Amino acid sequence: MISEKLVEFIHGPVFMALGTRNEKLRPAHTFVVGAIVNQDRETLTCFVSQSRAEKIMGNLEDNGKIALTVGSPSHESYQLKGHYVSLRPTDAKDVAIQEIYRTKLVALMLQYGYPEQIVKPMILGAKYQPAVAITFRVEEIFLQTPGPEAGKKIA
Amino acid sequence: MDIREQIAENERLIEQLNRELAKKSIEVRIIQQLSSEINSTLDLARILQLILDSMDRVLGFQHCMILLKDESEEKLRVFASRGYDQEGVGAEVRFGEGVIGVVAKRKKMLRLGNIRSSMNYLMAVRAKMEEAGQLQSAYAPVNLPGLPNAHSQLAIPLLVKDRFIGVLAVESPKPNAFDELDEILLNILANQVAIAIDNARMYQMEEGRRKELDEANTKLVQLNESLEQMVKERTAQLERAHAELSTAFERLGEQATELAAFNRTLEQRVAEQLAELERVSRLKRFFSPQLAQLIVAGGTEDPLKTHRREVTVVFLDLRGFTAFAETSEPEEVMGVLGEYHAQMGKLILTHEGTLERFTGDGMMIFFNDPVPVPNPAERAIRMAVEMRERVAELVAKWKKRGYDLRLGVGIAQGYATIGAIGFEGRWDYGAIGTVTNLAARLCGEAKPDQILISQRLLGMVEELVEAEPVGDLSLKGFLKPVSTFNVIRLRG
Amino acid sequence: MGVLPDEIKPAMEGVIPSHVVTCSLDGTPNTTVISQVYYVDADHVALSFQFFNKTIKNVRENPHAVAWVTNPESLETWDLELEYDHSETSGPVFDAMDMRIEAIASMTGMTGIFKLKAADIYRVKSAAKNTDERIPLAAIDK
C-alpha cells in the first residue's frame with residue numbers, strides 16, 4: 001500500500017496530525033510526534049500523547065475511521081486514510097524514534113530558515129510523552145501537496 | 001502545570017501587560033512630542049526624518065520608511081527611511097506590488113506576520129504549477145525596497161481627507177512582530193504624518209507659488225516700467241503729431257483764408273476779365289482783334305469816349321448791287337456778299353483800318369482812330385487800291401455767273417467827332433463829320449473801278465499815286481463844288 | 001458571546017500552520033494543514049480557499065470542523081470547535097483576506113494566479129487552550 005518513497009518520507013522530518021470523528025460525525029484532532037510504517041507497508045503506527053489519545057478513544061472505538069496528514073516543511077504532503085487497528089503504550093524504542101524525529105525536524109526547519117525562537121519551542125516544547133502508539137490500516141493515500149494535483153488519490 | 005511553569009506563565013503575562021501599558025502611555029507622549037516637532041518645521045525632508053527617528057527611539061520600530069505617491073503615476077517613491085543599510089531613498093514601488101504596493105492600491109492598512117512562510121508556501125505551489133506547465137512565465141523576483149528577509153510588515157496608507165498621498169511602513173525580520181496595538185499606534189501616527197506632509201507640501205507649494213508670485217511681481221513691475229516708458233514715448237509722439245496737426249490746421253486755415261481771398265479776387269478778376277472780354281468782343285466788331293485787345297489792355301484811350309480826331313475815311317460799295325440784289329436769288333446775293341466781305345475784311349485788317357460800318361455792299365473805314373497811325377492817308381489809299389484789284393478778281397468770277405458788279409471808292413481826310421453813337425443796349429462806335437460826308441458823296445459819284453479823292457487829299461499823297469482829274473463835282477451838302485481826282489494807280 | 005479571547009489572536013496570523021479536520025457525510029474524516037485560520041471576530045473565524053478541496057466539500061455537507069492553532073509567541077496550542085456558516089466572495093472579511101493574499105502573491109509572481117476564491121465563515125462553538133501539552137522552555141535541551 002505504502003510506497004518505499006512514502007515510507008522514507010513518513011520516517012523523515014515531517015509534521016503529522018491525526019483526524020478522527022465521533023458517532024455524530026464531529027471531527028477530532030490530535031497532533032502526532034513520530035510514526036513508523038510497519039513492515040507490511042499496510043499498517044502505520046503513530047505516536048500520540050496520552051491525553052490526546054484519551055480524547056479520541058471513543059472515536060476509534062466507535063467507527064475507527066482515521067485520516068493522517070503527513071507533511072514536510074517543503075510543503076510536500078500526503079493524506080493517509082484508513083481504519084483503526086489497535087492501540088498500545090509506547091516503549092523505549094518508540095521514544096528513541098520520537099526523539100530522533102524531533103531532532104531531525106528541528107534541524108530541517110532551521111535549515112529552511114525558520115526562526116529558532118519559534119522552531120525549537122514549537123517542536124521541542126511539544127509534549128510527546130507519555131504517549132500511546134496507535135496502529136491503523138491504510139486504505140487510501142492522497143497527494144496533499146498544495147498545487148494543481150492536491151487531492152489526487154495515489155493509492 | 002507545576003509551580004515553575006505557573007511562574008513562567010505569570011512572568012510572561014506580566015511582561016505582556018507591561019508592554020501594553022507602556023505602549024499606551026507612550027502613545028500620548030509620542031503624539032505630543034511628534035506634533036510639536038513636526039509642526040515646528042515645514043521642511044518636508046526634515047519632518048519625515050524626525051518622524052522615522054521618533055518611531056525608532058520611542059516606539060521601537062527599527063525599520064521604517066515613508067513613501068509618497070508619485071504625482072501622476074500609480075507608484076510610490078521612498079522619501080525617507082530608517083534602519084536600512086542602504087537608505088533606499090528614491091526606490092520605487094508600483095501599486096499592487098508587495099505589502100506597501102497593495103496598501104497603496106487599496107488604501108487600507110495591512111499587517112502581515114508570516115511573510116516568509118507564506119512565500120515559501122506559495123513558491124512551493126508555484127513550483128508545482130510550473131511543473132504542470134500551468135504557468136506562462138518563470139518567476140522573476142520583484143525588487144522591493146526594505147529588508148530582504150522581512151517576516152513581518154505593517155503598512156498604513158497616509159490619507160488627507162480621503163486623498164491618498166503615501167504609505168508609512170514598518171518591518172521586522174521577526175515573525176508576528178506587530179500586533180493590533182501597533183496598528184492603532186501607527187494609525188495615529190499616520191494621521192499626524194499625513195497632515196504634516198500635506199502641510200509641508202502646501203507650504204512648499206506656497207513657497208513655490210510665492211516665489212512664482214514674486215517673480216511674476218518683479219516681471220510685472222518691469223513690465224509696468226517699460227509700459228510707462230512706452231506710454232511716455234507714445235504720448236510724446238502723439239503730442240508731436242498733435243503739434244504738427246495743429247500747425248497743419250493753422251496752415252490749412254491760412255490757406256483757406258488765402259483761398260477765400262483768392263476766390264474773391266478771382267471772382268473779381270473773372271468779373272473784370274469778363275467785362276474785358278465783353279468790351280473786346282464788342283470792340284472786335286469794329287476793330288481788328290489786335291486793336292481790340294490793345295484798346296482793352298489800355299494801350300490807347302477808350303475809343304468810345306467821344307473825341308475829335310483827324311481821320312482818313314474810306315467809303316466803298318458795289319456798282320449794280322442793288323439791281324443785282326433785286327433780281328437774284330437770296331442765296332446768290334448772300335454768296336456774293338460773303339465773298340466780297342471776306343476779301344474786304346482781310347484787307348481792312350491787313351492795313352489796320354477801322355471798320356466803322358457796313359451796310360450790305362457799302363462799307364466805311366477810317367484810319368487814325370482809335371489807334372493813331374503816322375500815315376493814315378497813305379494807308380487808306382493803299383488799301384483802296386488793293387481793294388480795287390481784289391474786287392476786279394472777284395468781278396471776273398462774277399461775270400462768268402452773269403453778275404455785273406464793280407467797286408467804287410471814295411476817300412477823304414478831315415476832322416471827325418468819334419465815339420459811342422446810339423442808345424442803351426445798342427451802342428456803336430461811330431464817326432461824324434464833314435469828312436465822312438465827303439467820302440460818302442465821293443463814293444456815290446465814283447464810276448465803276450474809280451477811287452475818288454479830293455484835291456486836298458491828293459496833295460497829301462501826291463508822290464504816292466498817279467491820279468487823273470475828274471472835275472469839280474457838286475456834292476450834296478457841300479456849298480462849293482469839290483475838285484475831285486481818280487486814283488489810277490500807285491506810283492513805283 | 002465572545003468565544004475567542006484576545007490572547008488567541010497571535011495564533012491567527014498564519015505564522016505557524018494550523019490543522020483542520022472535517023468529516024464527510026459518509027463518515028470519513030479529512031485532516032489537512034492550512035496556513036492560516038483568520039480571526040473574524042470573537043465568535044467567528046474564516047478559512048480561505050483558492051483551490052477547491054475536500055475540506056470545502058465536507059463542511060458543505062457536514063458543517064462540523066475542528067481547528068488546531070498555535071500561538072507563535074507562547075507556542076501554546078488551541079483546539080477550536082467550528083461550525084461552517086456561510087461563504088463570502090465580497091465584503092470586509094473577504095477584502096481583508098484577499099488583500100493579504102494579494103500582497104504575498106505579488107511578491108511571488110503569482111498575481112492573478114493565486115487569488116482568494118471565497119472566504120468560508122465558521123462560527124466558533126468553543127475554544128480550548130491546551131495547557132498541558134507544553135514542555136517548558138527551560139527544560140528543553142538547547
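How many residues of chain C are in contact with chain A?

**View 1. The side of chain C that touches chain A.** In this predicted model, local features need pLDDT of at least 70 and side-chain atom pairs count only at pLDDT 80 or more, while totals for chains, interfaces and linings use all residues. Residues are numbered from 1 along each chain as its sequence is written, and chains are lettered from A in the order in which they are written. Here 30 residues of chain C are in contact with 35 residues of chain A (C-beta atoms, placed from the backbone, within 7 Å). Strands β1 (18-23), β2 (29-34) and β5 (64-70) of chain C each supply at least two residues of this side (strands are DSSP E runs of at least two residues, numbered from the N terminus). The residues of this side of chain C comprise 14 nonpolar, 11 polar and 5 charged (nonpolar: Ala, Val, Leu, Ile, Met, Phe, Trp, Tyr, Cys and Pro; charged: Asp, Glu, Lys and Arg; polar: the others, Gly among them).

**View 2. Strand β6 of chain A and its pairing with β3 and β5.** Strand β6 (residues 131-143) of chain A pairs in the antiparallel sense with β3 (residues 43-49) of chain A over 7 bridges (pairing requires at least two DSSP bridges). Within β6(A), A133(A) is the bridge partner of F47(A). Strand β5 (residues 77-89) of chain A also runs antiparallel to β6(A), joined by 11 bridges. Here V132(A) of β6(A) is the bridge partner of P89(A).

**View 3. The side of chain C that touches chain B.** In this view, 23 residues of chain C are in contact with 30 residues of chain B. Those of chain C divide into 11 nonpolar, 8 polar and 4 charged.

Terms used:
Contact = placed C-beta atoms within 7 Å. Helix = DSSP H or I, 4+ residues; strand = E, 2+ residues; numbered from the N terminus.
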